[in-house]
Each structure stands twice: as C-alpha cells, then as structure tokens.
Amino acid sequence: MLRSTRPGRTVAALAASAAALLAFSACASGSAAGDDGGDVTIDYAIWDQNQQPAMEEIAAAFTEEHPNVTIDIQLTPYKEYFTKLQTAVSGGAGPDVFWMNGPNFQLYASNGVLAPLDDEGIAASDYPQGLIDLYTYDGSLYGAPKDFDTVALWYNTELFDAAGVEYPSADWTWDDLKAAAAKLTDPAAGVYGIAATQYGQENYYDSIAQAGGEVVSADGTETGYGSPEALEGITLWTDLIEAGSSPTAQQMTDTSAEDFFLSGKAAMFQNGSWAAVAYAENPDIAEKVNVAPLAAGPEGNQSVIHGIGNVANAKSDELEIAKEFAAFASGEQAAKIQAETGTVIPAFNGTQQAWVDALPQYDLQVYIDALETAVPYPVSKNTAAWNAIESEILSQVWAGTLTPEDGLAQLADEMQAALDAESE
Amino acid sequence: MTDLIAQRTAAPIAELDGGRPGDAAPRPRRRGDGPGRTGRGPRQSGWWALLFIGPTAVGLLAFYLWPTVRTLILSFTESGPFGGTTFVGFDNYVALLQDPELLGALRNTAVYTLITLVGIPIAVAIAALLNTTGLRGRGVYRTLYFIPVVTMPAAIALVWRMIYNGDYGVLNEVLGVVGIEGRSWLTDPGTALVAIAVVGIWAGLGTSIVIFLAGLQGIPDTLMEAADLDGAGPIRKFFSITIPMLSPSIFFVSVIGVIGALQVFDLVYMMLGRNNPAMPNTRTIVYLFYEAGFLDNQRGYAAAIAFLLLLIILVLTVVQFRLQKKWVHYE
C-alpha cells in the first residue's frame with residue numbers, strides 16, 4: 001500500500017476508512033432493540049443526493065405503516081460508496097438496507113452478504129425481466145428493483161435541420177445511422193455526426209446485442225467477445241471514427257464526448273434515461289435536442305437495461321424488518337413517490353408514465369418502449385476484474401493501435417481467464 | 001503532489017546540514033554542568049526530551065511505522081473481497097515479478113524521473129538570476145515561482161489538461177501561430193509521459209528555487225570578492241564558486257526530487273484517466289499499485305508493489321548518498 005512510502009495519503013486513507021467505519025457502525029448500533037414492540041432503527045445507505053428527498057418520503061411512508069421503525073438514510077457519494085460499503089461489511093458493520101448496482105451485485109450475493117428476498121412477496125411480473133435477472137443469483141432474488149435506465153439516441157435538431165437530414169426515426173438501421181452521421185459531419189465547422197465513445201452501457205453493450213451477440217453469457221461464465229457478432233458490434237463504432245463521422249478516441253479523451261454534444265459539435269449522442277433531466281435543465285441545448293429509439297442492427301435495436309436494487313444485509317440485527325423495507329422501497333407506493341420527482345424511472349411496472357409526463361418536450365416514451373427488447377446489463381461474480389481488462393484493451397482498439405479483430409481476440413482470452421478465476 | 005513531501009522534509013534536513021557546527025557547541029557544556037549542580041540533571045532532561053519528542057514519536061509510530069509493518073504483513077497475504085486473509089508467502093512477489101505490466105511501469109517511472117531531473121539546472125539558473133543584486137521586484141518573481149507549490153494539484157491538473165487539449169488547447173493555438181501542427185498531447189503515447197513530466201517540473205520548481213536561494217545566500221561574499229580580485233568573470237565565478245558551494249543544496253533537492261518522482265501518481269491519475277489510449281506508456285508504479293489495490297481489490301498484491309517501490313527508493317537513495325562524496329562539497 002501507499003502507507004509505507006506515501007505518508008500523507010496514508011493518513012488521509014486511514015482517516016477516511018476510520019470515518020467510514022464509524023459512520024456505518026455508529027448507526028448499526030442504533031438498531032439493537034428487538035423486533036416486537038421496541039423501537040427499531042434501520043440504516044438505509046444510498047449514493048445519489050438528488051434522490052434523497054424521494055427516499056426520505058419513502059422512509060416516512062414505511063414508518064407510517066410501522067410506527068416503531070425509524071429509517072435512517074445515509075448518503076455516501078458514489079465514488080466512495082462501494083469502497084466504504086466493502087470496508088464496513090468486512091468489519092462486520094454495515095447498513096441494514098442499501099442500494100446495489102449490477103456490476104457489484106454478484107460479488108455481494110455470492111459472498112453471503114445479502115439476504116434473499118424470496119419471501120417478501122415480490123412478484124417478478126411487476127418488474128422488467130432484465131432487472132429481475134440482474135438481481136437473481138443462484139435462483140434466488142436478492143435485490144428488489146428500485147428504478148431502471150435504458151439507452152436511446154439523442155440528437156441535435158438544429159444540426160439536423162442545417163444539414164437537411166431527417167430526424168432519426170423508430171425504423172432506423174445502422175446504415176441509416178452511418179449515412180446520417182456522415183452527412184451531418186462538417187469538418188470545416190468542427191461538427192461531427194456522432195460521438196462514438198468507448199462507453200459500454202451507452203454504446204457497445206447495446207450494439208453487441210443488436211448484432212446478436214453478448215458480452216458475457218447469462219450465467220456469467222463465458223465471454224462473448226470472441227464471437228463475430230461482438231466484432232460487428234464493436235466495429236460499428238470504430239468504423240464511425242474511421243470514417244471521420246465521429247471525433248477520434250484521442251479527441252474524446254481530451255474533451256469529454258458529452259461536451260461535444262452539449263456544445264453542438266456532435267449531432268448525435270446515445271445516452272441513458274438519466275440524461276433527460278440534465279438536458280432539460282441545460283439552457284444551451286434544452287430547446288435544441290430530442291430523443292429517438294436506438295438504430296437497429298442485424299438482430300434488432302436492443303438497449304441494455306440497468307437499474308439500482310434495494311438489498312438487505314444478511315447480518316442485519318433486524319433482518320426481517322430490513323427485508324421488508326427493501327421490498328417496500330421498491331414497491332408500488334415507493335415507485336409512485338419516485339416517479340413524481342422525475343429523476344429516475346421507477347422499476348415497478350405501470351408507474352412509469354409520470355416520469356414520461358414530467359418532460360413532455362422530449363419523446364421520453366422511447367425509454368419505456370425499449371423495455372420490450374431490453375437485454376440485462378452484463379455482469380458476473382467479479383465484474384470489476386474483467387471490466388478493467390475490457391476498458392484497457394478497448395481503449396487501444398478505439399485509438400486504432402489495435403485492430404478490432406486482434407483486440408477482441410485478446411480481450412476474449414484475458415476475460416475468459418478472469419471468469420475462470422471467478423468460479424474457482 | 002510530489003513536492004509536498006519535499007516541502008515538508010526540506011526544513012529539517014536543511015537545518016541539519018547548516019546547523020551542524022553550531023549545534024555541537026552547547027551540548028558538551030550542558031553535559032558538564034548538569035550533574036555537577038543537581039545530580040538529577042540527566043533524568044530531568046530525559047523527561048523534557050520525551051515531552052518534546054512524544055507527540056511526533058506517537059504520530060510517527062501510529063501513522064508511519066505501524067502502517068508500514070501492516071503493509072509488509074499484508075504483502076504476504078491474499079484477502080477475499082470481504083476480509084478473510086490467508087497467508088500466501090512470497091506468492092504476491094513472485095506474481096509481481098512475472099507481471100508484464102510491471103516492466104512497463106518501471107520503465108515509465110524511470111523515464112519520468114529522469115525527465116524531472118531537468119528541473120534542477122532550471123531551478124539553479126532561476127535562483128541564481130533571482131539572487132542577482134539590484135534585481136527589481138524580486139519578491140514578485142519569487143511569489144510567482146512559488147504559486148504552483150501552494151496550488152491544489154487537482155487545479156493544476158485541470159488547467160494543464162486544458163492547455164494540452166488537442167482541439168482547443170492554448171499550446172496548439174500558440175504552435176499554430178508559428179506554423180507547427182500540434183497534436184493531442186495527453187493521448188498520444190509518444191508525448192503523454194513527457195507532457196506530464198513537464199507539469200511535474202513546473203509544479204516543483206518553486207520548492208527547489210527556495211532551497212537554492214537559501215543556499216546561494218549562504219555563500220560568503222568574501223569568496224566572490226576574492227574571485228573578483230583574481231579577475232574571474234561571472235561565468236567562471238558561477239561554475240567555480242556558486243555551483244560547488246551550492247552542491248549540498250543540489251544534492252538535497254535531487255534526493256528529494258527522485259523520491260518524489262518515483263512516487264508520481266496524481267498527475268497520471270488526474271490528467272490521463274482510465275480509458276486513455278496512452279496509458280500503457282504512462283502507467284507508473286504507484287498507478288499500477290492503485291489499479292491493483294483500489295480497482296481490482298487485490299490488497300496483498302498492491303502491498304507487494306508498494307514494498308517493491310520502497311526497496312527501489314531505498315537502493316537509489318543509498319546510491320545517491322554514496323555518490324555524493326564524489327561531487328558534494330561541505331565547507
């Protein structure tokens with residue numbers, strides 16, 4: 001560790017982890033009282049400040065039903081959330097209920113950190129199948145889907161009008177996308193048709209599914225990068241860069257790809273449903289953009305679906321109440337509270353319309369429609385291990401220093417080795 | 001930033017060097033006086049010493065020594081994601097030496113360190129100019145050169161990222177005026193490491209200059225006057241008097257500089273970022289450590305990297321101390 005050589009950081013790191021432990025344990029100790037009768041405090045760890053008001057409302061609604069239960073919400077910024085959580089859980093102290101995401105889920109579920117929620121009356125049919133799959137491990141549901149995000153194609157109407165290109169429509173194919181991107185590109189003005197970033201969820205996870213491939217097999221044991229379909233999904237983006245329709249990987253490292261879109265230098269940009277609120281509040285582009293379904297590849301226009309899950313700590317002192325609250329915070333009443341705030345799409349089927357209606361100026365329905373064909377976010381037991389390999393090798397492919405063929409062959413090998421190590 | 005350490009350590013060692021002759025004097029006197037008068041002298045002064053040393057010693061033990069020992073222990077273990085460590089002997093070290101990324105990281109770190117050493121002659125030259133008698137606005141210049149030292153590293157990284165930006169950067173703008181076509185400095189594998197080293201030099205100049213200025217002001221005027229009488233010109237005086245007299249400061253700055261450069265992390269982390277295509281050519285040892293410890297969650301492996309770095313620093317520093325006998329002049 002840095003400890004030996006970099007004292008300044010050590011102190012900071014120590015202080016940070018000590019603070020984290022204190023924060024988690026201090027609250028855990030509050031929930032010592034028994035199930036029946038006595039007052040109970042449940043710690044609920046979340047990472048998004050924007051959603052805190054909605055979470056507080058949900059907590060209040062739960063307390064109304066269970067007057068002896070107090071929900072104590074703990075906000076940790078996402079950057080430190082999982083580091084802290086892991087430290088706290090390792091030390092035997094952790095929040096009773098907490099937010100979970102796809103890449104981290106199986107690591108926690110497979111190590112016995114999470115309690116199964118099978119007995120909490122959660123009906124799989126109430127949620128998008130992709131989310132139920134995401135939070136199911138070894139046949140048990142460990143996470144109650146709280147919200148979801150899908151991906152769609154944002155476009156700048158001003159640039160489309162100027163270039164005389166028709167707006168993207170639901171029947172667009174990859175060829176339409178490429179042709180439009182080429183036409184929209186204007187080197188003299190520094191305008192590109194699209195920003196073909198090296199983003200998984202927003203770009204190549206979707207295109208690989210659209211080509212009929214997969215990043216990782218459903219059971220998380222086999223890499224899908226060795227397939228010709230995966231190659232097709234990746235070359236969609238590298239071809240766009242090579243054709244000059246997108247800024248190069250170098251340019252998009254220097255200046256973030258989204259900044260190209262926000263400053264009117266890229267006409268199209270695929271982004272998740274979380275972008276809607278941000279774009280609506282950005283006076284530079286709020287009036288100039290709209291959103292369309294993704295363009296279809298050989299096998300359709302699938303979008304990856306991802307969402308947060310509410311999970312219960314298997315070591316919670318108040319396990320029964322913790323499980324009940326995890327289910328409640330993802331239930332219909334909680335979903336309605338979230339929808340009204342407009343920040344995220346609630347996962348509970350039938351409550352999503354409020355989110356669509358919150359920003360009527362955009363065709364946000366496309367994000368809900370994407371559910372029909374959505375594919376689960378690719379994860380395995382130790383997603384982080386191969387995510388690192390993926391990001392490093394693909395950065396060479398995007399930069400053009402490795403051909404997509406060689407890059408994917410290497411990625412498939414190294415990722416498979418990481419997956420094999422997981423199952424040992 | 002790397003120079004924070006230099007800054008922190010600069011004072012005590014500089015005092016040690018300069019203050020040695022003065023310090024030696026009072027000590028025998030006290031030793032002789034004490035026992036003769038009260039008989040309790042030594043014990044009393046022992047308590048006093050403890051009182052003064054105590055707070056620092058506790059801090060050192062708790063925050064430097066203990067973590068170092070723990071890191072050493074950690075480097076011989078492998079831990080699960082949620083605790084549960086198992087002793088694995090030298091496995092981490094064996095795996096580390098076989099890691100293909102280690103060689104690249106060692107090379108990148110070495111290149112970075114060598115480049116930043118260029119900062120020493122630059123700092124000597126600037127300090128010598130600032131020390132010129134009759135220079136107007138000397139304080140202003142000194143402040144200007146010192147500003148980067150007290151600036152937040154994150155802010156420095158952010159500003160330099162903008163300067164180096166391939167599309168909208170000031171650097172390419174300026175180069176364009178003189179007809180040179182710029183490039184994407186921070187993402188080109190050929191330039192990224194040099195670009196970062198330039199920022200490292202720039203950010204560290206202030207500290208070095210302050211140390212050199214102190215060294216320059218310690219050179220007796222009589223030497224310069226004697227040289228004048230002998231008819232030595234300014235250049236001759238600089239190389240025959242200033243440089244040798246300044247050599248203890250130069251030695252100090254180079255030791256601290258090398259240690260700091262070997263530990264470079266923040267610039268790589270903040271100016272390049274994870275998906276940077278130039279990463280294989282810029283990944284330093286501490287960045288490798290960061291990836292292992294914080295991204296891949298292999299704490300034991302990361303501890304082994306940290307210890308390897310400690311070993312490298314130790315060896316290089318010992319070599320530097322050996323070599324100093326050949327070129328450093330103490331009065």
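The model is predicted: local features need pLDDT of at least 70, side-chain atom pairs count only at pLDDT 80 or more, and totals for chains, interfaces and linings use all residues. Residues are numbered from 1 along each chain as its sequence is written, while chains are lettered from A and ligands numbered from 1 in the order in which they are written.

User: Why does A:Ile308 count as buried?

Analyst: A residue is buried if 20 or more other C-beta atoms lie within 10 Å of its own, exposed if 12 or fewer, and partly exposed in between, with C-beta atoms placed from the backbone. A:Ile308 has 25 C-beta neighbours inside 10 Å, so A:Ile308 counts as buried.

User: Where is A:Ile308, and which residues is A:Ile308 in contact with, leaving aside its neighbours within four places in sequence?

Analyst: A:Ile308 sits in the loop between strand S12 (304-305) and S13 of chain A. Strands here are DSSP runs of E, at least two residues, and helices are runs of H or I, at least four, numbered from the N terminus. Contact means that the C-beta atoms of two residues, placed from the backbone, lie within 7 Å. Beyond four places in sequence, the partners of A:Ile308 are A:Trp99, A:Met100, A:Asn101, A:Lys146 and A:Asp147. A:Asn104 is 204 residues from A:Ile308 in sequence, and 11 Å from it in space, C-alpha to C-alpha.

User: Is A:Asp138 buried or exposed, and why?

Analyst: A:Asp138 has 9 C-beta neighbours inside 10 Å, and therefore counts as exposed. A:Asp138 lies in the loop between strand S4 (136-137) and strand S5 (140-141) of chain A.

User: What is the phi of A:Asp138?

Analyst: It is near 55 degrees, a positive value in a residue other than glycine. Most residues other than glycine have a negative phi.

User: What makes S3(A) and strand S13 of chain A a pair?

Analyst: Two strands pair if DSSP finds at least two bridges between them. S3(A) and strand S13 (residues 309-312) of chain A have four bridges, so they pair, in the antiparallel sense. A:Val97 has A:Ala312 in S13(A) as its bridge partner. Strand S3 (residues 97-100) of chain A also runs parallel to strand S1 (residues 40-46) of chain A, with two bridges. There, A:Ala45 stands opposite A:Phe98 in S3(A).

User: Why are strands S9 and S11 of chain A called edge strands?

Analyst: The open sheet has four strands, in the order S9-S10-S8-S11 (chain A), with mixed pairing. Strand S9 (192-194) and strand S11 (289-292) of chain A are its edge strands: each pairs on one side only. From one strand to the next, the twist averages 30 degrees. Strand S8 (residues 151-156) and strand S10 (residues 266-272) of chain A run antiparallel and are joined by five bridges. A:Leu153 stands opposite A:Gln270 in S10(A).

User: Which helix lies across S8 and S10 of chain A?

Analyst: Helix H8 (residues 200-210) of chain A does, running at about 90 degrees to S10(A). Axes are lines fitted to C-alpha atoms, for helices over the stretch in contact, and angles run from 0 to 180 degrees between N-to-C directions.

User: How is chain A divided into domains?

Analyst: Domain 1 covers 2-149 + 306-374, and domain 2 covers 151-302 + 382-423. The bounds come from an automatic or database domain assignment. The C-alpha centres of the two domains of chain A lie 29 Å apart. In chain A, 18 residues of domain 1 are in contact with 20 residues of domain 2.

User: How many residues link chain A to chain B by contact?

Analyst: 33 residues of chain A are in contact with 38 residues of chain B. H17(A) gives the most to the side of chain A that touches chain B, with nine residues.

User: How confident is the predictor in chain B?

Analyst: pLDDT is the predictor's confidence in each residue, from 0 to 100. Chain B has a mean pLDDT of 83, and 86% of its residues reach 70 or more. Among the elements of chain B, helix H1 (residues 2-24) has the lowest mean pLDDT (40) and helix H5 (residues 100-117) the highest (94). Over residues 1-39 of chain B, pLDDT stays under 50. The model scores ipTM 0.76 and pTM 0.79.
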